[in-house]
Amino acid sequence: MSSSSQDRRGRISIAGVRKSYTRGTEEVTVLSGVDLEIEAGRVVALMGPSGSGKSTLLNLIGGLDVADEGRITVDDTVITALRADELAAWRSRHVGFVFQSFNLIPVLTAQENVELPLLLQPLSKAQRKEQARYALEIVGLADRAGHRPGQLSGGQEQRVAIARAIASDPTLILADEPTGDLDRTNADAVLQMLRRLADELGKTVLMVTHDNAASAFAHQTVHLDKGALAGVAHA
Amino acid sequence: MSLFTLLRRNLLRHKLRNALTALAVAVALFLFCFLYSVITTLKSAVTSSSADRVVVQSAVSLFMDLPKTYTAKLADVEGVESVARWNWFGGVYRDPSNFFAQFAVDPEIFLAQFKECVITPEERAAWLADRRGCLIGRALARKFGWKIGDTIPLIGTIYTRPEGAAWEFTVRGIYSSSKTNLDESTLWFQYEFLDESIVNGGVQGPKGVGVFYVKTKPGTSLAEITQRIDARFEGDEQRTLTQTEAAFQAGFITMLGSVPAFLSGIGGAVLFAILFSVVNTMMITSRERTKELGVLQALGFRRAIGARLLLFESMLLCGLGGLAGLALGASTEGTFREMFGTQIPGYTVEPLTLVIGVAIALAVGAAGGLFPALQARGLRVADALRAEA
């Protein structure tokens, strides 16, 4: 689950990306030609007012949505050229998601939730168990492996979600408002953890956030406004 | 941990809701099992009929007697081995609701023709020796608690005794049946006793013979002998209608009119109603899980996986409910055989009925889960993740 500085992967290149939605009879432009380069192994905070296109850009990078125009490349893969099933397969190998409301499966234990994405990997049952256990250890929740989400605090649930995101050793960690449902203490713990994933494991972490404190944990802060890049700040 | 773990846990997620749906399926499949078994039981009397017996009745109607003189004339027809006289007695034991079939027959010939009627040599000898003796089926004996030596009083409705006095028959044997064409709920007594009572005992009633059961000689074509018999009586006192035993039994099912179709209709309607209940349950389930389906897609599972999980969950739910209903149907076979022994003699739940039942339960599950599964398959992951839990 580690990576040396030479073979770091997770470089993202975004060129001329446009995305619009039809709402009723009206066409709403969400992204109007975004160009952005993100270095591998960095923590990047995507900030901006509501409706600025942050989550849409994150979804496009993660292959959850499809751009109308433009090109998104992650390392050597042009993901805007992939079909739905190819995107799903690519996501399973290269992307880990962390959501604001954690989105753990309530009927599965923490261990099982973390094992879930590993079902898509060519691993034995024992290997899956071991890898999930290791991911839970990284987030400090090995002792809660048998607990279901309902038996965990919000902060613990988000740490399980992070463990699930890193379990299959992806290149990218995409987090949509990861601290939105957490108090300050837990939010800071989660942000520190995301930073560690970049610093110690070489993951590229992109997080959409309204939390100004988040930029303190990021290497780079990208500001979006009205669907366009408004500025990039480096720590 | 596997996707089956998720499937299993999801099934237990809303225990009450799913239990009620499974219960509805169980009740429907139990009803199917019962109704279908009634139909197969009625039909099995036809399919297990003898291949060397034909039945001769009046060409006018089954309710019109044939002359007694036909006994000897039939015996002379080429290919006939033996002829037994059968008369429907129609007596009432205490109350008309205690209905069961009673026939006056030629005992020796009857026993020779119906090898499926199993009794001990002692019982056989006792029945043949006693003019007022009777043979009763095992189910009938169990139902009324009769045993050998008991006297069964019957009030004649077709054959009435002077001043409405009861006929009395002594139980000389209790038979079991080795084939489903012969039920175990009938009382047989000697034809000669009935005939003597009419001739000398002041009994009022038809003086002829209801039907003749004819056993054919080995190698005789049933098609040919039925034509030969009917041709023999073409210009006689009464024309005859001769049928194979299977056709004769099938005629009784035809007499029930559309009862089998009616029973099928009821069963089909219930299953159709249950289908909507399953669709409703699975639609609610699908709506509740929209976000989770989005999460699965985000993790890299193809859209079809989420759809299949819903489909299999529906099939598992209905399969389990169906198995419970069919298990109940199979386990109550004996109870229903007792309960409806005289109306549906030999009530049997065939293994094929259970197999069809399982297939129906799974089909209802598949049909019920199909629409929610198709909806899940059409979900865009970004939209699914935005859905409210």
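Visitor: Why is Leu123(A) called partly exposed?

Guide: In this predicted model, Leu123(A) has 16 other C-beta atoms within 10 Å. A residue is buried at 20 or more and exposed at 12 or fewer, so Leu123(A), with 16, counts as partly exposed.

Visitor: Where does Leu123(A) lie, and which residues is Leu123(A) in contact with, leaving aside its neighbours within four places in sequence?

Guide: Leu123(A) belongs to the loop between helix 3 (110-115) and helix 4 (125-138) of chain A. Its contacts, with neighbours within four places in sequence left aside, are Leu118(A), Arg128(A) and Gln131(A). The C-alpha atom of Gly146(A), 23 residues apart from Leu123(A) along the chain, is separated from that of Leu123(A) by 21 Å.

Visitor: What makes strand 8 of chain A largely enclosed by the rest of the structure?

Guide: Strand 8 covers residues 204-208 of chain A, and five of its five residues are buried, so the strand is largely enclosed by the rest of the structure. Thr204(A), Leu206(A) and Val208(A) point one way, Val205(A) and Met207(A) point the other way, and all are buried. In a regular strand the side chains alternate between the two faces of the sheet.

Visitor: How do you know that strand 8 of chain A pairs with strand 3 and with strand 7 of chain A?

Guide: Pairing requires at least two bridges between the strands. Strand 3 (residues 43-47) of chain A and strand 8 of chain A have four bridges, in the parallel sense, and strand 7 (residues 172-176) of chain A is joined to strand 8 by five, also running parallel. Both therefore meet the requirement of at least two bridges. In strand 8 of chain A, Leu206(A) stands opposite Val44(A), and Val205(A) is the bridge partner of Ile173(A). From strand 7 of chain A the chain crosses through helix 6 (residues 184-201) to strand 8, in a right-handed β-α-β crossover.

Visitor: Which residues of helix 2 of chain A are buried, and what covers them?

Guide: In helix 2 (residues 84-94) of chain A the buried residues are Leu87(A), Ala88(A), Arg91(A), Ser92(A) and His94(A). Their cover includes strand 4 (69-74), strand 6 (95-98) and strand 7 of chain A, together with helix 11 of chain B.

Visitor: How many residues does each chain give to the contact, and which element of chain B gives the most?

Guide: Chain B gives 19 residues and chain A gives 20. On the side of chain B that touches chain A, two or more residues come from each of helix 1 (3-11), helix 11 (290-299) and helix 15 (381-386). Helix 11 of chain B gives the most, with six residues. That side of chain B divides into nine nonpolar, five polar and five charged residues.

Visitor: How do you know the extent of chain B against a compact globule of 389 residues?

Guide: Such a globule would have a radius of gyration near 21 Å, but chain B has 29 Å. Along the principal axes, the C-alpha atoms of chain B fill a box of roughly 95 × 45 × 35 Å. Of the 389 residues of chain B, 41% count as buried.

Visitor: What span is expected of helix 10 of chain B, and what span does that helix reach?

Guide: Helix 10 (residues 259-288) of chain B has 30 residues and reaches 44 Å from its first C-alpha to its last, close to the 44 Å expected at 1.5 Å a residue. Its buried residues include Gly267(B), Ile274(B), Val278(B) and Met282(B).

How values were computed: Residues numbered from 1 in each chain as written. Chains lettered and ligands numbered in written order. Predicted model: local features only at pLDDT ≥ 70, side-chain atom pairs only at ≥ 80, totals over all residues. Contact = placed C-beta atoms within 7 Å. Nonpolar A, V, L, I, M, F, W, Y, C, P; charged D, E, K, R; others polar. Right-handed = clockwise from strand over helix to strand, strands pointing away. Rg over C-alpha atoms; globule rule 2.2 N^0.38 Å. Expected span 1.5 Å × (residues − 1).
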